[in-house]
Amino acid sequence: MGLVTGLLTLPLAPVRGVAWVVDKVRLAAEQELNDPAVLQEELASLERAREEGRIGEEEFAQQEDALLARLMTARQQGFPSGG
């Protein structure tokens with residue numbers, strides 16, 4: 001970046017900084033949402049809820065399918081299998 005370009009775009013620096021922070025937060029949120037260990041814990045919590053009668057079989061099956069799909073996607077995208 002040249003001196004003139006740097007000076008002319010200086011007022012945009014805070015906007016670029018905020019965009020960078022937003023991008024980092026988005027990436028961290030995606031990683032947490034797709035972490036196999038987190039997804040497996042959610043599956044275990046779902047199973048406990050079913051066993052305790054807090055959710056029915058149909059709701060359990062729907063949520064389980066969604067969690068398993070997310071887990072498969074996470075593993076296909078290269079997330080390590082939680083352990």
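Colleague: What covers the buried residues of H4?

Modeller: The cover includes helix H3 (36-51); contact means heavy atoms within 4.5 Å. The model is predicted, so local features need pLDDT of at least 70 and side-chain atom pairs count only at pLDDT 80 or more, while totals for chains, interfaces and linings use all residues. Residues are numbered from 1 along each chain as its sequence is written, and side-chain values use heavy atoms, leaving out hydrogens and water.

Colleague: What makes H4 a helix, and how many residues does H4 have?

Modeller: A helix is a DSSP run of H or I with at least four residues (a strand is a run of E with at least two), numbered from the N terminus.

Colleague: Which residues of H4 are called buried, and why are they said to be on the same side?

Modeller: Buried means under 20% relative accessible area, exposed over 50%, and partly exposed in between (1.4 Å probe, protein chains only). In H4, Phe60, Leu67, Leu71 and Ala74 are buried. Their arc around the axis is only 60°, which puts them on the same side of H4; the arc is that of the directions from the helix axis to the C-beta atoms. On the other side, Glu58, Gln62, Asp65, Met72 and Gln76 are exposed.

Colleague: What about the buried residues of H3?

Modeller: Pro36, Leu39, Leu43, Leu46 and Ala49 are the buried ones. They cover an arc of only 135°, so they too lie on the same side of their helix, H3. They pack against helix H2 (13-33) and H4.

Colleague: What makes the largest nonpolar core a core, and which residues belong to it?

Modeller: A nonpolar core is a set of buried Ala, Val, Leu, Ile, Met, Phe, Trp, Tyr and Cys residues joined through side-chain atoms within 4.5 Å. Here Leu39, Leu43, Leu46, Ala49, Ile55, Phe60, Leu67, Leu71 and Ala74 form the largest one, 9 residues in all. H3 and H4 are the elements that give two or more residues to this core. Leaving aside neighbours within four places in sequence, Ile55 is in contact with Leu46, Ala49, Arg50 and Phe60.

Colleague: How confident is the predictor, and which element has the highest mean pLDDT?

Modeller: On the pLDDT scale, the predictor's confidence in each residue from 0 to 100, the chain averages 85.
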